[in-house]
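Subject: Structure handover

Hello,

Here is the structure for you to look over. My notes follow below it.

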Amino acid sequence: MKDDYDMLSPTAIHTVFHKDELFAAMALLYDIGTPLKSRFVSNGLNDTYAVDTDTGKYVLRIYKHNWRTESDILFELDLLDFLKGCDLPVSHPIARRDGGWLTELNAPEGVRYAALFSYAYGTGKVDLETSRTYGSAIAELHGAMDRYEPRHKRFELDAKHLLDEPLAQLLPFLQHRPDDIKLVEDIAGRLSKHLASAADGAYDWGVCHGDLHGWNVFHTADGGLTHFDFDCCGIGWRSYDLSVYLWDLVHGKEDGFKHECWDAFIEAYMAERPLSQQDLALIPVFVAVRQLWLMGLHTGRSGIWGAWQDDGYFDGKLKFLSAWVQAHEL
């Protein structure tokens, strides 16, 4: 007889489903044909799968337990359906045979939601040409989002979401680095004042993609593109939305923060959808905010992704943050 030490039952916080069993079940719920080949693509903020069927290609996202509420997800899917109706090139949700968008999965950690999306063809590419194309496309996207009327509640991309909550996740990981705790708190305090000043309704505020780092869009050889991964969307500052593209181009650097791809992107955007000078002036602020948001995301998800946020990680991330705020006098 086995003793108690041979049969432990720790709590699962994240499980991965068997891909073939998963799509065999999904094929009964969705009119997608017969699955031919499936693959588990990534364990990111959510789990992403891809499947080839005899009728086409599809992407399945399984939201992690307690990552997004049902209302949060329905906001995202409804927004995508609206953008599809505006003839914008987005990876859009595919309805089940019964008309629903979400499928509940019973995982050991609790209920998880699954949504099926159309496939985004093309490849990720960031250069001068794609930056111009993307800038124009985001101006068009924001213009359409101005007309969207949400039917579901979702968190806002405000100071609480972008700064306060990430700091609560990050600071416990810096307890052995007291000087860096002070550094982060000082910078965050100054950034918080900027955000408070921008919360008066005078800035461009509306539905945002939330993660426009340049790799959530695929470009095709004929100059077309498809937007995807709206998991970080919400209502917030448009300056923040745009800042993510700049952040992706420069983060990790310590100087020489100008980048020709950013110039091409923002010029193309402004040609289609001009922004005020006060909105443009906020973009450097949001690059710093984004860096803190990312660090809070990484540390906050360490229980699932692994605690690889070591001293080398903090050295690099904080070196860029310090250099950026100093260069822009934030």
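In these notes, buried means under 20% relative accessible area, exposed means over 50%, and partly exposed is in between (1.4 Å probe, protein chains only). The model is predicted, so to speak of a local feature we need pLDDT of at least 70, and side-chain atom pairs count only at pLDDT 80 or more, while totals for chains, interfaces and linings use all residues. Residues are numbered from 1 along each chain as its sequence is written, and side-chain values use heavy atoms, with hydrogens and water left out.

**Overall**

The protein chain has 10 helices and 10 strands. Both are DSSP runs numbered from the N terminus: helices are H or I with at least four residues, strands are E with at least two. Along the principal axes, the C-alpha atoms fill a box of roughly 60 × 60 × 35 Å.

Of the 330 residues, 52% are buried. Now the contacts, meaning heavy atoms within 4.5 Å. Among contacts with a separation of 6 or more, 72% join residues 24 or more positions apart. The accessible surface is about 15700 Å², and carbon and sulfur atoms hold 51% of that. These areas come from the Shrake-Rupley method with a 1.4 Å probe; for residues, only the protein chains shown count as cover.

On charges, there are 31 positive and 50 negative, and their mean positions are 1 Å apart. Lys and Arg count as positive, Asp and Glu as negative; His and the chain ends are not counted. Each charge is placed at NZ of Lys, CZ of Arg, CG of Asp or CD of Glu.

Which residues of α1 are buried? In this helix (residues 19-29), they are Leu22, Phe23, Met26 and Ala27. They sit on the same side of α1, because they cover an arc of only 135° around the axis. The arc is that of the directions from the helix axis to the C-beta atoms. Exposed Glu21 and Leu28 are on the face turned away from that buried side. The buried residues pack against five strands: β1 (35-43), β2 (47-53), β3 (56-62), β4 (103-107) and β5 (110-118).

Tyrosine 30 is in the loop between α1 and β1. Tyrosine 30 is buried, at 0% relative accessible area. Leaving out residues up to four places away in sequence, tyrosine 30 touches Ile94, Ala95, Arg96, Arg97, Trp101, Thr103, Ala114 and Leu116.

**Arginine 238**

Is arginine 238 buried or exposed? Arginine 238 is buried, with a relative accessible area of 0%. Its place is in helix α6 (residues 238-250). Beyond four places in sequence, the residues it touches include Asp146, Asp204, His142 and Arg273.

**Two aspartates with positive phi**

Aspartate 87 has a positive phi of about 65°, although it is not a glycine. Aspartate 87 lies in the loop between α2 (70-85) and β4, and is exposed at 71% relative accessible area. Aspartate 229 also is not a glycine, and its positive phi is about 60°. The loop between β9 (225-227) and β10 (234-237) holds aspartate 229, which is partly exposed at 29%.

Phenylalanine 173 is in the loop between α4 (159-170) and α5 (178-197). At 28% relative accessibility, phenylalanine 173 is partly exposed. Setting aside residues up to four places away, it touches Thr299, Ser302, Gln309 and Phe314. Two C-alpha distances go with that. Glycine 296 is 123 residues away in sequence and 9.6 Å away in space. Alanine 307 is 134 residues away in sequence and 9.8 Å away in space.

Alanine 307 itself lies in the loop between α9 (302-305) and α10 (311-327), and is exposed at 66%. Glutamine 326 is in helix α10. Glutamine 326 is exposed too, with a relative accessible area of 66%. From C-alpha to C-alpha, glutamine 326 and phenylalanine 257 are 12 Å apart, and 69 residues apart in sequence.

Best wishes
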